[in-house]
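Hello,

Here is the structure you will be working with.

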Amino acid sequence: MLPQMNGWLSCFSFLLLCTYYMSAARNANTLLELSPQEYFSSLQPGRASLVYFSRDGARLFLEQLENSVGALQDYGISVVKVNCLKEDIPRYCGKENALMKAYLFRGNVLLREFPTDALFDVNAIVANILFALLFNEVKYITTLVELQDLEDSLKRRSNVVFAYVPAIGTPEHRAVMEAAFVYGTAHQFVLTTEVALLKNTVCEDSDALSARLFFCHCQRVLDLTQPCRRTPMVQSLTTLNIHTYLKLMAAPIVTEVAEDPEKVSTVHLQLGLPLVFILSQKETYEVDKRTAEFVAWQLLGKAGVALLSRDSVDLNVLLRSNVALKTAEEGVPIKYLVLEDTDEIIALVEDKIKAEQIQEDEDESDNNDQEIQDDQVMEAVYRDRKRELPLELIRTLTEETFNAALMETAHMVVLFYASWEAVSLVMLQSYVEVAIALKGIQGISLAKVNCWDWPDVCMKQNVTQFPITKMYEKGARPLTYTGMLGTAELLRFLRLSSISCPVKLTTIEEVDEYLSGEVYADSSSYHSTSVLGIFHPSMKEAREAFVEAGKMLRGYVITGLYAEDDALVLARKYAVPLPALLLARREAHRIDSVLLSKQSAPDIVQTIRSQLLETFPEITVENLPDYLSLEKPLLILFSDGGLNRRVRMEMLSLANGKGHEAFLACWMNLKTTPVGRGALKAYFSIPPPLPLLAWVNFHSSGEVFAFPSDQSVTETNILSWLEKLIAGLEIPSATLSDEAWKPPLPAYNFLHTMEATLPEFTVHAVDSRGGADELQQAEKVSEETLTVREEQVEELGLEAEKGQSPGRDLRGTAPRLAGREKSPKRHTEL
């Protein structure tokens, strides 16, 4: 029994030990929460810590802060949340704006304070913190002269790693700072966000230069009058790529070998790059060495170069072979070549790299296609990702400029969107096309608000889903666009929204002009039917309901109101009792009259909408929802092109004949609405030849019936077939699923996941799709980086040293720590 008990105890102890280590592992990346007293008493001299003094809220920032715990711990930086509810410290907890900042300490010395919106994600947090701590190892410059002076001062002594990033806090900025942490003692790191400096360095004339990195070989310079060679890094700026690149820069320019090349292994081969052998012999050694050095400089970072002595190795190859190429792939034999000049060597390597890059791009494209094929919107955005939009026609609004912008023009149109969301990006393309169409039209201005940057603005405007477009007019409630996301539909809404409805008419002459279309002739292409409400002056409630209905339909229908004493004259003219509606159909050249039997605003809206529907409509993607809302079976004629006159007249006669209210007769042109072919495949396993007449009952049985193909489409034949169908004598071709048609994903309600008190900021960089506004924002960031000031520290006790205060904040800028030379301190003290 005792051995068994000992076994259980051993097992129990093992489980406890496992639980302890699992808990410790989980806690390693957990944000530590302390009281103010606990935090200040735990500070250790020389150890850096990032602390946020919190009361309540700021949940999103705290999530990002917690996500950065593990990353910062790798650099010896602790991350702490101090609960101000447990104990109040006036300097950090007393003021509301103090709670919108995070503080960086080394020991009990305050180094820097950051606005929380500058620490918008893990990349921004790590980049900004390392930037502040490594201020002696990473110099920030703004001009080409500064870079050249720095290179001159380091010739023969040290190399320079020069990096350009579009903005502070980006993933590329973080990668550079992490590299500086590792290699800061070996090389001098230099950073800039000035695109003009990059253009002067690389001699490229582009407005959308991406992050770049260069290795300046100053240590090799013997003649101080000569410039430092600069080798650009061709890969994207990631931590792994920069690490690989710097290892290549540290390798010998040319490696001399005297063994079987099959056994040779260099850092280039280990990193997956090819190795070029220049075959040499004693008589031509000096020339071959110069050739190898020239080729090595041309291929630096792309391939290694080795000088192989034939005299030391017995090569079983042609004596006239002068170059060999070894790749990193296992089992691939070395290629021995006869080349005429060094250009052929360089072309050989670069063509191989280019072919591999094309293959990688194709593989990546295939993978992306596989990932996005289930979402057509995301697929469209991905395939159109390199298209640049002329966003200079659209004003970018912020929390500071939003209210003022609404007062600057008669009609301000605002698109509320999210920069990371696919449907928003598709809508932004349509929005730009609308801006182009409205260019030069007075009274309508277009603007946009990125709700991911400014959630507080979106919350105040009751925007809980995106994309949403609203039109603002002085003294009126904003109009919300609820139509399709296409250009034509949005443009139509905006042009019609600029007309204040209902239009009040006071004379019979004005009524005639309104019904003839003369009043708004410039907008005639955007509407085919005008609606006029006629009321006797005593019909106050009905008139007010119509006014409200006109406001509800604004942007979709032009409505007019006539409520004068002679309204009965119009009623007699159009043979309709009051209250009534007149619908002037411009294309049909007729005016229809409708009695208003129901006189509430929603009923009037429904009446107008139903009257605007056509008798025998062509079904399109845009109007299908309107006709499905009637909840009638569809008698739909599928055609591969337009309808001939005989068939159209037969269908119109059927639609206007007896019993037509029980169903909706319509047709679809598959050439202009190709999505209809997908519907046919769903209805029939093998679609019958076109034209095809089908009965589709979505709202009850879901049964689909096909009109006999051997019968001609006539009103008589169709009515006879419908009688058999209703009597149950016809067999359905298919039965549709009764599953509800719902969106594949719920609508975005960002207010449930974002806090209005703490806006999250996306990276303020020039996006490949960006335009003037985004460029101005990036330039503003660059301008701020020009401001450099001395570091000011504050000793943390109960009282700061007199005359000292912490440095200014870093909202999207480089730290102001670079303004003064200090005694060198290396990152080991972190």
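The model is predicted. Across the protein chain the mean pLDDT is 77, and 77% of the residues reach 70 or more. Two stretches should be read with that score in mind. Residues 369-373 stay under 50 in pLDDT, and the model gives them 6 contacts beyond four places in sequence. Residues 754-830 are also below 50, and that stretch has 193 contacts in the model beyond near neighbours in sequence.

The protein chain contains 27 helices and 31 strands. Of its 830 residues, 46% count as buried. How far apart in sequence are the residues that touch? Taking contacts between residues at least 6 apart in sequence, 74% join residues at least 24 apart.

Next, the helix pairs.

Helix α6 covers residues 122-133 and helix α8 covers residues 171-183; their axes come within 8 Å and cross at roughly 40°. That angle makes α6 oblique to α8. The crossing of this pair is left-handed. On the α6 side the contact is made by Val122, Asn123, Val126, Ala127, Leu130 and Phe131, and on the α8 side by Pro171, His173, Arg174, Met177, Glu178 and Phe181. Sorted by class, the residues in the contact of α6 with α8 are 8 nonpolar, 2 polar and 2 charged.

Helix α20 (residues 540-552) and helix α22 (residues 601-612) also have axes that come within 8 Å, here crossing at roughly 60°. α20 is therefore oblique to α22. What is the handedness of the crossing of α20 and α22? It is right-handed. From α20, the residues in the contact are Ala542, Ala545, Phe546, Glu548, Ala549 and Met552; from α22, they are Ala601, Ile604, Val605 and Ile608. The contact of α20 with α22 has 9 nonpolar residues, 1 charged residue and no polar ones.

In α24 the residues involved are Glu650, Met651, Ser653 and Leu654, and they meet Glu715, Ile718 and Leu719 in α26. The contact of α24 with α26 divides into 4 nonpolar, 1 polar and 2 charged residues.

Last, two single residues.

Lys81 sits in strand β3, which runs over residues 78-83. Is Lys81 buried or exposed? Its relative accessible area is 16%, so Lys81 is buried, since the cut-off for buried is under 20%. Apart from neighbours within four places in sequence, Lys81 is in contact with Leu31, Leu32, Glu33, Leu34, Tyr52, Ser54 and Leu62.

Ile253 lies in the loop between α10 (239-250) and β11 (255-257). With a relative accessible area of 12%, Ile253 is buried. Which residues is Ile253 in contact with, leaving aside neighbours within four places in sequence? They are Arg220, Glu293, Ala296, Trp297, Leu300 and Val305. Ile253 and Gly304 are 51 residues apart in sequence, while in space their C-alpha atoms are 7.7 Å apart.

Regards

Methods
Residues are numbered from 1 along each chain as its sequence is written. This is a predicted model: local features need pLDDT of at least 70, side-chain atom pairs count only at pLDDT 80 or more; totals for chains, interfaces and linings use all residues. Side-chain values use heavy atoms; hydrogens and water are left out. Axes are lines fitted to C-alpha atoms, for helices over the stretch in contact, and angles run from 0 to 180 degrees between N-to-C directions. Helices (H or I, at least four residues) and strands (E, at least two) are DSSP runs, numbered from the N terminus. Angles under 35 degrees count as roughly parallel, over 145 as roughly antiparallel, 65 to 115 as roughly perpendicular and the rest as oblique. A crossing is left-handed if the near helix is turned anticlockwise from the far one by less than a right angle, and right-handed if clockwise. Contact means heavy atoms within 4.5 Å. Ala, Val, Leu, Ile, Met, Phe, Trp, Tyr, Cys and Pro count as nonpolar, Asp, Glu, Lys and Arg as charged, and the others, Gly among them, as polar. pLDDT is the predictor's confidence in each residue, from 0 to 100. Buried means under 20% relative accessible area, exposed over 50%, partly exposed in between (1.4 Å probe, protein chains only).
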